[in-house]
Amino acid sequence: MASDPAHAGNARQWSVLAVSTLSFTVCFMVWMMFGVVGIPLKQQLGLNETEFGILAATPVLTGSLVRVPLGIWTDRFGGRVVFFLLMLFTVLPIYLMEYATAYWHFLAIGLFVGLAGGSFSVGTPYVARWFSRDKQGLAMGVFGAGNSGAAVNKFAAPALIAAGGWMLVPKVYAGVMLVTAILFWLFSAHNPQHTVGKSVRFADQLKVMGDRRVWRYSQYYSVVFGGYVGLALWMTKYYVGEYGFDMKLAAFLAACFSLPGGVLRAIGGWMSDKYGAYKTTWWVMWVLWVCFFILSYPQTALVIQTVKGPMSLNIGLSPWLFTSVMAVAGVAMAVGKASVFKFISDDFSDNIGAVSGVVGLAGGLGGFILPIMFGALLDLTGVRTSCFMLLYGTVCVSLVWMHYSFKPALLSNNRQAA
């Protein structure tokens with residue numbers, strides 16, 4: 001009996017989505033590894049807060065800068081071959097990390113390891129083109145749930161460090177990456193109709209950067225994704241410094257932010273398909289505005305003069321309340337990461353790879369710059385919550401930009417409805 005072509009095609013698209021999501025999860029785990037491994041390295045190398053921020057963020061820099069060319073190559077050659085070769089290329093640098101001894105060694109290796117972060121701009125257009133337009137938001141959201149690799153790293157790396165020291169982490173991660181690359185090649189597929197063809201020039205695809213919508217979506221993504229990456233790299237150390245927890249407990253609590261911030265991206269894709277990219281992103285920004293306002297308040301001791309004498313007040317978030325607010329922020333970021341890319345699939349359906357590369361670059365650069373700024377602000381002010389003050393300001397920019405960008409269209413729609 002001949003197989004049903006429609007059923008075979010449906011099975012293939014879900015196989016592509018599943019193996020691509022697994023691969024992206026592993027790539028993101030590797031991309032975030034310095035956020036945990038960097039803690040014992042900070043002690044071993046005697047780094048200050050800014051130097052730690054640079055170390056943690058170095059892989060993010062490379063993973064951001066390669067997103068534009070990777071997205072364009074995906075449009076031209078197809079996601080299967082680009083994703084596979086990208087994973088293979090990172091295996092050796094990951095493994096060589098165990099032989100590094102000086103600070104610059106880790107920075108140099110981090111640049112090569114960071115290529116794994118470019119996988120997002122490969123997988124997003126690769127996965128999206130296997131699905132109809134009304135399901136692309138969900139498909140990209142499911143794939144983007146691979147961001148949960150940040151949480152996987154927070155569970156796996158501390159356990160490996162406890163078992164055999166930090167040098168065990170790159171050994172295991174290199175093996176995991178190699179196996180994942182092989183699995184991806186075996187269970188993925190290529191469709192020539194999903195490529196733009198060689199007739200489309202590289203320079204023509206870059207022209208999309210002149211569109212103001214691309215820069216607007218880049219700013220939104222620098223908040224929801226860049227902020228997520230920056231905090232995912234910073235939170236383990238934040239718990240150690242602010243609350244005095246050991247690394248295992250600190251990494252576990254940090255995962256309470258990273259895990260929903262990755263896994264629930266699929267829900268964000270579904271919400272964007274149902275309610276639209278604008279409404280979803282608008283409410284995401286307001287939730288983040290409230291969360292970062294609360295998180296920005298530092299531990300404070302007040303002495304109030306009353307009629308009965310001085311009264312002392314200690315104001316600050318307990319570890320459990322802090323973790324709860326962070327979890328809410330993580331959920332909002334997960335939804336926002338999906339809704340921003342729904343904008344892209346709606347507005348640039350013929351050029352998803354190039355546009356997702358540019359927007360992904362902006363988000364990745366946000367994830368690179370923020371940990372460095374977190375460290376610099378902490379060195380400068382001595383206030384740990386200064387990182388949330390900075391993020392609060394970026395959300396304010398997004399809300400103002402969204403209001404004035406979409407207000408004319410909303411007013412026009414309201415008049416037509418009336």
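**Entry 1: a residue to start from**

Which helix holds Thr 180? I looked it up and found Thr 180 in helix 10. For my numbering, helices (H or I, at least four residues) and strands (E, at least two) are DSSP runs, numbered from the N terminus. Thr 180 has a relative accessible area of 5%, so I note it as buried. My cut-offs are these: buried means under 20% relative accessible area, exposed over 50%, and partly exposed in between, with a 1.4 Å probe and protein chains only. Leaving aside neighbours within four places in sequence, I find Thr 180 in contact with Leu 22, Ser 23, Val 26 and Met 87. A contact here means heavy atoms within 4.5 Å.

**Entry 2: ground rules and confidence**

A reminder to myself: this is a predicted model, in which local features need pLDDT of at least 70, side-chain atom pairs count only at pLDDT 80 or more, and totals for chains, interfaces and linings use all residues. Residues are numbered from 1 along each chain as its sequence is written, and side-chain values use heavy atoms, with hydrogens and water left out.

I checked pLDDT, the predictor's confidence in each residue, from 0 to 100. The chain averages 85, and 90% of the residues score at least 70. Which element has the highest mean pLDDT? Among the elements of the chain, it is helix 10 (residues 168–187), at 95; helix 11 (residues 202–206) has the lowest mean, 56. I then looked at residues 1–7, where pLDDT stays under 50 and the model has zero contacts beyond four places in sequence. Residues 414–418 also have a pLDDT below 50, and I find zero contacts for this stretch beyond near neighbours in sequence.

**Entry 3: the whole chain**

I count 19 helices and two strands in the secondary structure of the chain. The radius of gyration is 22 Å, close to the 22 Å that the globule rule gives for 418 residues, so the chain is as compact as a globular protein of that length. I took that radius over C-alpha atoms; the rule is 2.2 Å times the number of residues to the power 0.38. Along its principal axes, the C-alpha trace spans about 85 × 65 × 45 Å. Of the 418 residues, 54% are buried. Among contacts with a separation of 6 or more, 85% are between residues 24 or more positions apart.

I went to Thr 21 in helix 1 (residues 5–31). Its relative accessibility is 13%, so Thr 21 counts as buried. Beyond four places in sequence, Thr 21 is in contact with Val 142, Phe 143 and Gly 146. That took me to helix 8 (residues 136–144), where seven of the nine residues are buried. Phe 143 is one of the buried ones, and Gln 136 and Met 140 are also among them.

Next came Gly 38, in helix 2 (residues 34–45). Not counting residues up to four places away in sequence, Gly 38 touches Met 33, Phe 52 and Leu 55. The C-alpha atoms of Gly 38 and Leu 55 are separated by 7.0 Å, with the two residues 17 apart along the chain.

In helix 4 (residues 67–77), the buried residues include Arg 67, Asp 75 and Thr 74. Gly 78 follows helix 4 and has a positive phi, near 100°.

**Entry 4: cavities**

Rolling a probe the size of a water molecule over the atoms shows where empty space is left. I found three cavities of 30 Å³ or more. The largest cavity holds about 70 Å³ of space. Thr 74 and Gly 78 from my last entry are in its lining, which also includes Tyr 126, Arg 129, Trp 130 and His 194. By class, I note three nonpolar, six polar and one charged residues there.

The second largest cavity has a volume of about 60 Å³. Its lining includes Trp 234, Lys 237, Phe 374, Arg 384 and Cys 387. Helix 13 (226–243), helix 18 (352–381) and helix 19 (386–417) each give two or more residues to this lining. Which of the elements gives the largest share? I find that helix 13 does, with three residues. The lining divides into six nonpolar, one polar and two charged residues.

Points are joined across faces, edges and corners, and a volume is the space filled by probe spheres set on them. Ala, Val, Leu, Ile, Met, Phe, Trp, Tyr, Cys and Pro count as nonpolar, Asp, Glu, Lys and Arg as charged, and the others, Gly among them, as polar.

Conventions. On a 1 Å grid over the protein atoms alone, a cavity is a set of points where a 1.4 Å probe fits but cannot get out, and a pocket is an open set with protein on both sides within 12 Å along at least five of seven lines; lining residues have an atom within 4 Å of a point.
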